[in-house]
Amino acid sequence: MASIDLPAPREGTLGERVRAWWEAIETVWLGRTAASFLERAAAQGWAPDPPMLYCPSCAESVGPYELQRDSSGRERCGSCAGSRLPWQRALRLGDYRGLLRRAVHELKFTAWRRVGEELGTLLGAMIALELDRAGIARQEAALVPVPTFWARRLARGIDHTLTLCRSASKASGVEVAAVLRRRAGPTQVEVAASSRSANIRGRLTLVNPARADGKKHLLVVDDVRTTGATMREACRAIREGLGRSGYATFNGDLWACTVAVSSGRRGGVVWGEEGRSA
């Protein structure tokens, strides 16, 4: 059998060299031929959405002059103006479609870690920018990953939200506080959109609350938001859990930070890429 020569590792830190070797193994031995997310993004001219393209309260796509200020001075769009959101700020990289949707699927269902690291780095850069704009010090904030049930993480071979958070942490300088745990149950994609709030209710609980002690801003991180049921439950679990744990003085902000948001949702209906309810 002929030998296969792997490329020499690049210079750099130990982590960078290990990553270089793993990329070589994936390409030469495992037959990976697809380009990374950043390579495909550059080829297709994709870039994260600038803040003016989506609502800062719900992260739904907006058009010119659609945002209005409510009585508290908070900017809202027509989609969320009449609703009570459990978070104070929403961030996203883009709409849940096309290249970004494929990348989320690659991370979540094929355990392509590099895609998650690249998406997390982009999300972390956006978080850093928004924290600076808001005048929030890094030590006052923490990234909280929305967890997956442990057995499902083992089956998939990756903790995709933790992968996102770790890279976002490196890019933003904000530490990770994994303070949520998820109980077993059907995934959100297994149930109808109208049943997702009931499906996730009570399945997220707060653990190790001391990790959030002293934080004024908790940034809840997930891969994609469609109906918003999971993000709402995560925010509820954090606030109620901190109160029960003796941290009732927490009255800081919760941010909803996702790679992608399924925009086009109006009246509780979630629309997929082709205009069909998803």
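This is a predicted model: local features need pLDDT of at least 70, side-chain atom pairs count only at pLDDT 80 or more; totals for chains, interfaces and linings use all residues.
# Notebook: a sheet and its helices

One of the pairs I could name is Arg92, whose bridge partner in β9 is Thr258.

Of the 278 residues in the protein, 46% are buried. I also looked at contacts between residues with a separation of 6 or more, and 72% of these are accounted for by residues 24 or more positions apart.

In what order do the strands of the open sheet stand? I traced 5 strands in the order β3-β9-β8-β4-β5, and the pairing is parallel. The edges are taken by β3 (89-95) and β5 (175-176), each of which has a single partner strand, so one side of each is left without a neighbour in the sheet. I then followed helix α6 (residues 160-172), which packs on the sheet and touches β4 (141-145), β5, β8 and β9. The direction of α6 makes about 160° with that of β4.

Further into the sheet, I found that strand β8 (residues 217-225) pairs with strand β9 (residues 253-261) in the parallel sense, over 8 bridges. For Arg225, I wrote down Val261 as its bridge partner in β9.

Is Leu219 buried or exposed? Leu219 lies in strand β8, and I count it as buried because its relative accessibility is 0%. Leaving out residues up to four places away in sequence, I listed what Leu219 touches: Ile127, Ala141, Ala142, Leu143, Val144, Trp255 and Cys257. I also compared Leu219 with Cys235, which is 16 residues away in sequence and 9.7 Å away in space, taken from C-alpha to C-alpha.

The second residue was Ser169, which lies in helix α6. Its relative accessible area is 18%, so I count Ser169 as buried, since the cut-off for buried is under 20%. Apart from neighbours within four places in sequence, Ser169 is in contact with Leu143, Val174, Glu175 and Val176.

I checked the length of helix α8 (residues 229-244), whose 16 residues reach 22 Å from the first C-alpha to the last, close to the 22 Å expected at 1.5 Å a residue. The buried residues of α8 are Ala229, Thr230, Met231, Glu233, Ala234, Cys235, Ala237, Ile238, Gly241 and Leu242. When I asked myself what covers these buried residues, I found that the cover includes β4, β6 (180-182), α7 (196-200), β7 (204-206), β8 and β9.

How do the axes of α2 and α3 cross? The axes of helix α2 (residues 37-44) and helix α3 (residues 98-110) come within 11 Å and cross at roughly 170°. Angles over 145 degrees count as roughly antiparallel, and α2 and α3 are therefore roughly antiparallel to each other. From α2 the contact is made by Phe37, Arg40, Ala41 and Gln44, and from α3 by Leu99, Leu100, Arg102, Ala103 and Glu106. I sorted the residues of this contact into 5 nonpolar, 1 polar and 3 charged.

I then looked at positive phi values in residues other than glycine. Ala111 has a phi near 60° and lies in the loop between α3 and α4. With a relative accessible area of 25%, Ala111 is partly exposed. Asn208, which is not a glycine either, has a positive phi of about 50°, and I located it in the loop between β7 and β8. Asn208 is likewise partly exposed, with a relative accessible area of 41%.

Notes: Residues are numbered from 1 along each chain as its sequence is written. Side-chain values use heavy atoms; hydrogens and water are left out. Two strands pair if DSSP finds at least two bridges between them. Helices (H or I, at least four residues) and strands (E, at least two) are DSSP runs, numbered from the N terminus. Contact means heavy atoms within 4.5 Å. Axes are lines fitted to C-alpha atoms, for helices over the stretch in contact, and angles run from 0 to 180 degrees between N-to-C directions. Angles under 35 degrees count as roughly parallel, over 145 as roughly antiparallel, 65 to 115 as roughly perpendicular and the rest as oblique. Ala, Val, Leu, Ile, Met, Phe, Trp, Tyr, Cys and Pro count as nonpolar, Asp, Glu, Lys and Arg as charged, and the others, Gly among them, as polar. Buried means under 20% relative accessible area, exposed over 50%, partly exposed in between (1.4 Å probe, protein chains only). The expected span of a helix is 1.5 Å times one less than its number of residues.
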